[in-house]
Amino acid sequence: MVTIGTMVAVAVDGIAFGVFLALLGVGITLVFGLGDVLNLAIGAFSVLAVIFATVMLGRGQGLVVAILVALVAVTALGLLIDRTLLSLVYRSEGEERILLGIFTTLGLVIFIDGAVSNFYPARYTLPLDVGVVPVGGAAVTGSSLVIIAVGVAMLLVLFAFLRRTFVGKATRTVFQDERGAQLVGVNPRRIRTLIFVLSIAVAGLAGIVFAFGSNVSVASGFQFTVYALIVSIVGGVRSLTGAIGAGLLLGIVNEFANFFVGSYVAMIILFGTAIVVLVAKPEVIS
Amino acid sequence: SEGGNGGGNGGSSGPITVAALEPLSGPFSAWAGVHRAGLQFAVDEVNADGGVLDRELELDVTDTGSDPAEADSAFRRSVEQNGAIVSTGAVSSDVGLRVAQTAAELEVPHFLHMSGTDDVITQDTQYVFRVGLLPASTYIRAQATAFSDAGYSSLGAIVGDYAWGRSAESAIEEYFDADVNVQVAPLGADDFKSYIRQMPDDLEMLIASGHPPGSATIANQVYELGYTPDVVSGASTPPQLLSGVLSDDALEGYVHVHQSDPYTDQFVDAAEGFGEENDAQFNTHTAYGYMTGKMLAAAIEEAGEADPAALAEATRNIQFETLSPEPMQYSQYGELDQAVVTYSRILQEAPSYYSDGEYSYEELFRSDPVPAREPGQ
Amino acid sequence: MIEATEIDVSYDGIQVIWDLSLSVPEDEGVIAIVGPNGAGKSTLLRVLSGLHPIDDGRVTLWGEDASTLEPSEIVEKGFVHVSEERNLFDEMTVRENLEMGAYTRREGLEGNVREVFELFPVLERRASQRAGSLSGGEQQMLAIGRGLMAEPKILALDEPSEGLAPQITARMFEKIEEISEEVTVLLVEQHVHRALSLAGRAYLLENGEIVTQDTGPGLLESEYVEEAYL
Amino acid sequence: MLEVDDVTKQFGGLVAVDDVDFEIGEGEIVGLIGPNGAGKTTLFNTITGIFDPEPGGVVEFDGRNLVELDTHEIARLGVIRTFQIVRVFDEMTVLENAAAGAIFGSEESVSRSEARERGREVLEFIGLADKADVEAGALPIARKKQLELARALAAEPKLVLLDEIASGLTPGEIETLTDTIRRIRDERGVSVFWIEHIMDAIMGVADRIIVLNSGEKIAEDTPAGIRENEAVVEAYLGEEA
Amino acid sequence: MIALPRDEVRNVGLAAVLLALAPLPVLGSSYYQTVLVHLLVVAMFAVALNVVFGQTDQLFLFMGGLAGIGAYGTALLTDWLGITAWLTLPIAALFAGLVGLSVSWIAAKRKFTVVLISILTLNLQLVISEVLVGARDVTGGSTGFAYTYFSMSEIAEAVGLGEKLVLYYLSLLLLVCLLLAYVWLVHSNYGVAFQAIREDETAAASIGVDVVHYKVVAGFVSAFVFGLVGAFYALEAGYILPSAFAFQTVDVLVLIVLIVGGLRTTLGPVVGAGIVVAIEEILGATLTNWRTAIFGALLVFLFLYFRSGVIPAVDDRLAGIGVMSDERDDKPDDEPAG
Ligand SMILES: Nc1ncnc2c1ncn2[C@@H]1O[C@H](COP(=O)(O)OP(=O)(O)OP(=O)(O)O)[C@@H](O)[C@H]1O
Ligand SMILES: Nc1ncnc2c1ncn2[C@@H]1O[C@H](COP(=O)(O)OP(=O)(O)OP(=O)(O)O)[C@@H](O)[C@H]1O
Ligand SMILES: [Mg+2]
Ligand SMILES: [Mg+2]
């Protein structure tokens with residue numbers, strides 16, 4: 001029963017999943033690839049965004065408003081974390097900061113999971129109820145199309161900011177040589193805050209688009225973080241375009257592997273790809 | 001015996017302690033919350049009625065975080081330090097398996113909340129009793145009856161690639177006459193579209209109960225992809241979780257499975273009392289906690305002493321009328337015997353017994369009493 | 001105008017600068033600081049550019065208390081420090097490094113890049129090479145070039161000739177003389193002779209204290225310097 | 001003892017070292033000069049196994065082919081270098097840095113206390129003994145360079161490669177350093193291959209000087225000869241020399 | 001060979017005596033015994049991590065996987081070969097060791113940073129987890145099997161102690177051996193090499209340190225210990241499940257234990273295990289719903305304010321009042337005494 005139409009539909013779903021992965025990967029890459037903090041709590045922020053949106057929906061808000069409010073809320077939370085916890089992390093330098101970043105965000109994610117599951121223990125979804133859209137004989141999932149549109153728009157805005165503005169370009173200086181950045185007049189702390197908050201917004205959006213087609217619980221956070229790590233590795237840790245390419249590639253591979261071979265193989269392919277990339281060409285990555 | 005280790009006899013005065021090993025954090029926290037509340041409500045009722053053997057019942061609650069090792073040590077602590085004579089609360093299979101071992105070693109009974117994996121109960125098991133969840137095969141058997149009763153002919157199933165899903169899969173082969181399109185998905189999957197796309201277009205019933213963590217997503221996605229099955233059989237998920245996570249289409253077809261019977265007067269009575277007391281809705285899963293509390297009180301009373309072994313023995317012989325369609329009774333290994341499996345739709349309206357409620361039930365079908373599964377070695 | 005008044009500075013509790021006062025007005029040409037290794041010259045520059053705190057005393061920039069200023073604000077005010085560690089952006093190209101040098105002055109960028117390339121022609125040839133893979137001397141040129149990009153009012157150079165070939169060193173001193181007509185250059189150098197002959201004012205720093213102060217040529221002639229350095 | 005033949009090293013299209021040949025004999029002090037970016041450091045890196053030369057290049061030390069060996073193996077044969085951009089072990093004390101050189105620098109196994117003995121001895125020799133218990137990270141850069149030299153000597157090398165070890169020193173300090181380098185050769189019998197831009201430092205001590213320009217060897221002569229070599233004056237020294 | 005520094009050995013001895021006495025006040029309680037065995041197992045894992053991560057900056061995040069290789073390997077080899085688990089255990093541990101060795105070798109050859117190696121191993125961890133669940137025919141899938149390969153009952157009868165206690169003292173013996181081996185390692189020339197590598201690999205190589213060799217040795221030794229202890233870990237549980245060897249179960253815990261105790265301190269793993277296990281038990285019993293959240297918050301606090309670990313922090317305090325304690329061993333001792 002494998003028709004061209006089905007293949008197209010699977011491919012679109014794959015791209016949608018890929019866009020989700022790309023957003024997560026970009027979220028990690030922004031903060032780590034350009035910086036030093038490997039944000040292990042990133043998945044938790046994705047989940048929180050979905051929960052915020054669900055709460056807003058429950059208050060009778062429309063979906064779009066709920067999503068916007070959720071993104072603002074999760075970003076504000078990111079800002080709070082940045083001003084408090086991360087400020088403490090940034091007191092140390094070099095390798096120690098990298099490790100402290102890993103450990104602090106690990107503690108943070110345990111805290112968030114523990115606290116949030118008390119109030120929101122369920123699985124949450126933000127169904128779009130758009131059904132399927134016939135595209136030339138293929139029954140393409142409507143939610144996938146929306147995910148692709150929203151995700152791509154976000155990525156474009158992000159790129160415009162980083163590539164076209166002086167501030168966007170200056171973000172790289174901070175992460176390459178903090179003192180050097182200070183010496184040319186960049187305020188590293190501000191750049192860090194900006195980047196962290198941006199990454200949280202991107203991760204929040206990732207969670208939300210994921211919840212369009214599936215559902216999310218507090219426990220999904222870890223899974224998301226792992227996805228984010230894999231994507232950012234395959235894409236080359238420091239490269240945003242790499243993360244996007246890797247996200248799309250893995251999304252499509254994953255969806256087709258699911259369709260044809262199913263089961264664990266898809267997962268193992270995903271992790272396997274990451275391992276192969278890591279072993280084969282780390283100079284691209286480090 | 002060594003295993004009793006001096007703890008767990010509960011002494012002869014003061015309260016009788018019940019260990020509640022609840023996964024209050026982690027993936028099953030929603031299960032734990034309602035179970036604990038129901039259990040507490042039952043204990044309060046028992047105590048209000050003069051307690052058991054003229055002693056109060058007391059809960060010793062621990063958060064296991066759904067971690068087997070934590071559950072094990074909490075179990076021991078409760079028994080040895082706090083003198084618990086019985087325990088309850090396991091939800092995930094891992095925890096159930098580990099706790100079953102501890103129960104055997106300590107010779108202190110455990111009443112499973114969920115943890116429906118076959119392997120929890122073997123022919124050697126003496127201290128583990130199922131309450132809220134039957135083995136997968138039992139559910140499939142009940143669904144086979146419903147399926148043929150409805151005269152369906154097109155059927156699909158998605159099962160998880162782990163013990164529960166695989167025993168559902170073999171039960172499907174065993175109990176269904178029709179040709180079933182069975183897809184095996186990993187346990188951690190959260191997107192089922194590619195499995196669903198392999199289903200026949202005229203799908204009438206989809207068994208999602210072989211993949212408990214994914215069943216709500218499966219229901220959502222099957223309708224999203226334009227299929228229109230009459231029934232999607234779900235897992236034993238606490239209903240308060242369902243109304244939020246199912247899309248409108250999916251709510252129509254999704255059926256919630258339960259051992260407790262929300263359509264009886266007894267249930268309504270308990271639910272009213274509970275609602276007044278706790279300002280929360282008493283549901284099919286709250287009922288498992290409640291049933292456990294009431295049943296173990298009765299069994300202790302029956303045993304005539306607050307002793308774990310005697311309690312286990314009494315439970316094996318009990319016929320306990322409670323919120324289930326048929327009285328609770330057990331095979332010698334602790335499998336539920338003659339249990340009735342009920343499938344209900346979730347309606348998004350308040351029930352009669354709790355006006356602030358957000359959901360109620362509509363019965364779709366129920367099985368005949370199912371004989372206890374004969375455990376393997 | 002930068003002013004340090006009776007400052008004490010330490011690293012991890014070990015004091016390295018004692019009760020030092022210094023003022024660097026605008027339009028002063030070259031002010032040189034010389035002294036042996038470990039005297040505290042680099043430390044002094046770090047303090048002025050806000051990279052290292054003082055324990056006691058007071059530093060003001062154009063009248064404002066430096067302790068309230070971020071290093072980035074100090075750059076904005078017009079004090080730029082080319083550090084002895086260079087602190088280049090290793091993964092960025094030579095050109096990108098220069099562009100970032102102009103972070104606080106974003107216009108006139110292209111012209112300034114041209115000027116730097118004229119001063120150090122080798123940089124133009126390496127314009128799209130990663131800064132991290134430059135040779136030691138090339139990195140030094142890039143660091144100086146990046147400092148110039150900010151169009152500072154006061155430019156502090158910490159051993160700018162370090163690692164430069166003799167010819168380039170000569171050219172660089174010429175350039176220092178040239179820019180010092182518009183910009184005050186605070187120069188820390190081991191090429192004592194060269195540095196002092198340019199300097200209108202010069203300090204000899206030893207063990208964290210200013211031992212002598214004079215005009216550059218004056219200091220050059222002092223017995224003290226003669227004995228210790230020449 | 002060191003023989004370099006036809007060594008070339010390219011980075012992409014850039015030929016950083018271009019077909020260079022030379023030799024260094026026992027007990028020699030050889031200088032290496034040339035404009036910035038001439039390929040001097042790259043040549044060091046190629047000798048010490050950080051980069052491999054392009055095929056066909058030969059680097060031999062006491063008859064052993066160094067091209068196939070890893071950096072640490074080359075070090076153990078007795079070729080130890082210092083770095084233009086200093087690399088000391090910041091969190092070890094000065095003495096521990098030196099002792100580390102003694103432990104790993106040779107094939108023989110050296111105990112910790114023996115290593116410290118040797119470490120102390122080289123610190124004394126270099127004139128860093130008073131800083132023995134200071135954390136290396138707290139030293140000013142020029143002192144760190146001296147420490148690198150001490151660490152190298154502790155390994156009891158036959159040849160040391162020094163990369164701009166005199167930069168950042170005052171004229172007085174340079175004098176002490178050149179003296180030390182002479183003593184390294186005279187008292188310890190170690191050959192020295194030395195990159196430097198400070199002519200006052202290198203011209204006085206070197207037996208022979210090699211000049212690189214754009215990767216190519218353009219001259220090799222005594223210091224006096226080099227000062228008069230027009231090509232060198234044009235490419236490198238300028239009128240200053 | 002070098003002599004071990006006396007104060008380090010004394011501290012290990014002191015800890016050993018305390019731990020040996022620990023079960024006595026609670027002899028009848030299988031609860032305390034379970035917790036104590038768990039503590040020792042976690043401490044042993046942390047010692048292994050202290051070598052590979054503490055000493056050589058290779059952050060292994062497949063500790064659970066390596067432990068799983070040891071535990072499952074021992075069980076499966078025992079079943080297949082029909083010989084005693086006491087023989088298959090070293091084989092399985094060796095296999096785990098070889099896995100660690102290969103990872104370290106690749107990572108060292110390719111100059112992986114700490115973050116890269118951590119992500120590589122995290123991915124390996126996830127693959128191992130998937131395989132343990134997916135290869136159901138061999139591993140019993142997600143529901144596992146009873147782990148009864150090392151019968152302690154004979155020893156238990158012979159010495160007249162309960163089986164749990166026998167396991168406890170056996171684990172303690174192993175822990176003490178590991179601690180002494182650790183002390184030896186860091187005070188030998190290996191310790192110097194490790195520090196040199198941590199600080200600057202290029203500089204280390206330039207003075208003759210074989211960077212790859214030392215990293216590989218650390219990777220092998222640690223992975224071997226993870227494999228070995230993994231079997232003890234399964235034995236303690238009495239039942240073997242993939243989830244017991246998951247990232248969230250083992251790696252997170254061990255990492256926390258080591259950081260809290262103090263990276264690169266000899267007794268850090270033991271003290272960290274004591275603190276973390278105690279916190280978990282106390283929170284589980286008292287704070288129920290908020291257990292996880294408070295645990296997380298405590299971790300953040302500990303990481304940020306005791307970032308170098310409890311041992312060094314306490315050490316500093318004690319040093320202030322002139323009491324000697326476990327020395328932070330990244331400073332090699334002057335003259336090893338004794
Ligand atoms: N990061 C640091 N930590 C501890 N001590 C330091 C640090 N940086 C410098 N010092 C110490 O401070 C003193 C002054 O050092 P500084 O670098 O300012 O000297 P300098 O005059 O610039 O010397 P040089 O000519 O070598 O550059 C020295 O004793 C040095 O050891
Ligand atoms: N890894 C690399 N990738 C690309 N180019 C490089 C790399 N390393 C060095 N180069 C280039 O090779 C040339 C030679 O560099 P090298 O460091 O050997 O010069 P040098 O003679 O030591 O100069 P200096 O006196 O300035 O230290 C330089 O132009 C440099 O930019
Ligand atoms: Mg200086
Ligand atoms: Mg060089």
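User: Which residues coordinate the magnesium ion (ligand 4)?
Analyst: This is a predicted model, in which local features need pLDDT of at least 70, side-chain atom pairs count only at pLDDT 80 or more, and totals for chains, interfaces and linings use all residues. Residues are numbered from 1 along each chain as its sequence is written, chains are lettered from A and ligands numbered from 1 in the order in which they are written, and side-chain values use heavy atoms, with hydrogens and water left out. Donors are N, O and S atoms within 2.8 Å of the metal (3.2 Å for Na, K and Ca); water is not among the atoms, so sites may look incomplete. At 1.9 to 2.1 Å, the magnesium ion is coordinated by D:Thr41 (OG1) and D:Gln84 (OE1).

User: Is D:Gln84 buried or exposed?
Analyst: Buried means under 20% relative accessible area, exposed over 50%, and partly exposed in between (1.4 Å probe, protein chains only). D:Thr41, at 24% relative accessibility, is partly exposed. With 13% relative accessibility, D:Gln84 counts as buried.

User: How many salt bridges does the rule find across the interface of chain A and chain E?
Analyst: A salt bridge is a side-chain nitrogen of Lys or Arg within 4 Å of a carboxyl oxygen of Asp or Glu. Across the interface of chain A and chain E, the number found by this rule is zero.
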